[in-house]
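Okay, thanks for coming, everyone.

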Amino acid sequence: MNKDDIEYLAKIVYDRSGIVLTQEKAYLLESRLAPIARKEGFNSIDDLVSTLRGRADEKMAWQITDAMTTNETFFFRDKTPFDNLKNHVLPELKARKSAGKVRIWCAASSTGQEPYSIAMLLNEEASKYPGLSFEITGTDISNRVVEKAKSGLYSQFEVQRGLPVTSLVKYFDKVDDMWQLKPNIRSQVTFKQGNLQDDFTSLGKFDIIFCRNVLIYFDQPTKAKILERMATMMPDNGYLFLGAAETVMGLTDAFNSSREVRGVYTRQAGWTRAKAA
Amino acid sequence: MRSCLVVDDSRVIRKVARRILEDLEFKIEEAADGMEALTACRGQMPDMVLLDWNMPVMNGLDFLKALRQEPGGDKPVVIFCTTENDLDHITQALENGANEYIMKPFDGDIIEAKLAEVGLV
């Protein structure tokens with residue numbers, strides 16, 4: 001694939017998802033687009049690109065974008081954020097809000113392991129929070145992974161990464177060769193297709209937002225825009241969970257990093273989005 | 001260095017498991033069935049046992065039951081590693097004192113993830 005084609009494809013992906021395909025990631029284009037080219041009846045990726053250049057095809061452009069998203073995830077990934085939720089965030093939240101609904105959003109929830117991990121954790125902790133009810137929303141740009149997430153079906157390989165076997169026994173049913181989360185856990189999570197590039201404020205307000213290992217794919221202005229939009233959807237001191245390699249530093253002053261809990265940020269009290277100069 | 005007893009009647013599986021666990025800095029002993037494993041444990045209790053289910057002479061579940069009756073036999077972390085992948089087997093293993101459960105086929109990622117669950121890595 002020549003440099004022009006790589007740049008052309010990178011722009012398609014960037015325009016739709018905000019994902020920046022760096023030169024080092026260009027090698028992924030070949031391996032991920034080859035199956036699409038084959039499926040659509042092209043002899044090669046080069047053929048696919050030249051056809052696309054000649055005739056705008058939004059459906060194809062989205063297929064390409066979808067193929068370039070990263071869906072790597074597993075149950076209780078990195079563990080620490082879930083410990084932080086359990087040991088710090090929930091008790092603190094309870095001190096502030098003893099009754100009512102707590103809304104949690106997993107932004108870029110991929111195939112659903114993160115929101116379902118939270119649902120299992122909340123199930124374990126529920127007796128400590130009798131006045132609170134929890135509502136979890138998962139969104140992802142890819143319809144394909146949203147559908148998989150909704151099904152709650154996972155392969156034997158997927159349920160063995162990060163999930164203790166006691167949780168497998170407690171929360172899953174075996175369905176043929178797959179494992180499916182029980183209805184009481186599935187019903188706690190609502191999945192929707194959603195693009196972080198778009199205005200997602202219609203999702204409502206959230207007390208807790210998980211946005212882990214997502215911002216790393218975006219450029220600085222996009223990161224700042226997404227973080228500030230999230231801030232408008234949270235109450236003062238709402239909680240934002242970022243991935244281990246991510247930070248709000250240098251992007252926005254809408255969040256404070258938590259002194260004792262790494263990777264958890266709180267929405268600055270009274271913060272409002274600065275007006276454009 | 002932590003020790004692990006790999007119990008499986010397949011020499012190939014023992015070799016694969018040994019390679020993965022040695023990379024994770026375990027010292028490996030091997031046994032080809034439950035009886036050999038029990039003898040090994042009576043000599044010296046390992047920190048962990050990676051345990052197949054279906055084996056000649058003494059199967060994995062019978063070994064586990066016997067192990068837990070031995071002096072100091074409550075100490076080793078026991079992780080089943082078997083093709084038995086239904087809830088009945090898993091439940092039975094847990095009720096008899098298994099700490100974790102791996103459904104074959106396995107790879108390094110799964111072994112490492114399960115060791116993390118039991119606090120060994």
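So, what is the count of salt bridges between domain 1 of chain A and domain 2 of chain A? It's one salt bridge, meaning a side-chain nitrogen of Lys or Arg within 4 Å of a carboxyl oxygen of Asp or Glu. The pair is A:R144 with A:D66, and their closest N and O atoms are 2.7 Å apart.

Quick housekeeping. This is a predicted model: local features need pLDDT of at least 70, side-chain atom pairs count only at pLDDT 80 or more, and totals for chains, interfaces and linings use all residues. Side-chain values use heavy atoms, with hydrogens and water left out, and residues are numbered from 1 along each chain as its sequence is written.

Now the layout. Domain 1 covers 3–68 of chain A and domain 2 covers 80–276, with bounds from an automatic or database domain assignment. Their C-alpha centres lie 30 Å apart.

At the interface, nine residues of domain 1 of chain A are in contact with nine of domain 2 of chain A, contact being heavy atoms within 4.5 Å. The buried area between the two domains is about 720 Å², with carbon and sulfur atoms giving 48% of that; that's accessible area (1.4 Å probe) lost on putting the two parts together, summed over both.

And who supplies the domain 1 side? Helix 1 (3–17) and helix 4 (58–67) of chain A each supply at least two residues of the side touching domain 2 of chain A; helices here are DSSP runs of H or I, at least four residues, numbered from the N terminus. Helix 1 of chain A gives the most, with three residues.

Methods
Chains lettered and ligands numbered in written order.
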